[in-house]
Amino acid sequence: MQPIKSTVITRTLALTLLFYGASFQPAQADDNTNATPSIPHDMQQTLQIPTDLRMRFLAHMRQNFGLVSDLQSLLAAGDFEQAADVAENKLGLKAMNGGSNPISPNTAQVSDTTAFPRITPNMHAQMLPYMPSGMQAIAKNMHQAASHFAEVSRAAAATKDYPAALSALSAMTSQCVACHAQYTTEPQR
Ligand code: HEC
């Protein structure tokens, strides 16, 4: 385990838990950061992934985190439809198949994939052989939940139903939490 990266993950999980009120309760706190919950490493399955693919996968993950942040900003601005577009196109079922992952020209605020030139469209397909079936199932749940959020958010454009939109967003982010709780990676030896 590499301490620096594990701190990044720990913080990511902590932020996700804090911001989205997911019900996962970590069993113990980190030694060096009492306030920061962490997942016991021995409960995780470590996947060995070729270095280049792993770097692209992690870059994709950081982009996911940026997208969640963007969704929050868009909701805060009352831009339910834009939030729906971002979720559907970049996190939803369309994005899952390595799809076009399009960047809409009028979403200046939204994470720009040109900042992640190493993420190729077929990253998903390349990752599949390294993903246990349980992980694939969580990935699918996450993409489904993103598409569901898109529907709910689009409907909320008329009703301004913030609780519904936030609840659907939380249902999606809890899948991020679920996967991080179970799987970690290291470069293939
Ligand atoms: C199907 C499993 C899965 C899902 C779903 C998932 N992740 Fe990840 N994520 C991982 C794995 C595995 C790692 C690598 C952890 C490691 O190697 O320590 C990771 C790493 C990360 C990282 C750290 C990247 C880095 O540079 O080290 C961030 C940030 C992240 N994920 C955000 C998210 C967000 C936000 C979501 C939901 C929108 C999400 N992930 C959904 C499996 C998943």
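Lysine 160 is exposed, with 10 other C-beta atoms within 10 Å. Lysine 160 sits in the loop between H6 and H7, and has a positive phi of about 55 degrees although it isn't a glycine.

Keep in mind that this is a predicted model: local features need pLDDT of at least 70, side-chain atom pairs count only at pLDDT 80 or more, and totals for chains, interfaces and linings use all residues. Residues are numbered from 1 along each chain as its sequence is written.

Stepping back, the chain has seven helices and four strands, in the order α-β-β-β-α-α-α-α-α-α-β from the N terminus. Those elements are DSSP runs numbered from the N terminus: helices are H or I with at least four residues, strands are E with at least two. Of the 189 residues in the chain, 24% are buried.

Now for the ligand. There are 23 residues around it, and Met61, Ala139, Cys176, Cys179 and Thr185 come nearest. Two or more shell residues come from each of helix H1 (3-20), helix H2 (51-76), helix H6 (133-159), helix H7 (162-182) and strand E4 (183-187). A residue is near the molecule if its C-beta atom, placed from the backbone, lies within 6 Å of it. H2 gives the largest share of the shell, six residues.

Conventions. A residue is buried if 20 or more other C-beta atoms lie within 10 Å of its own, exposed if 12 or fewer, and partly exposed in between; C-beta atoms are placed from the backbone.
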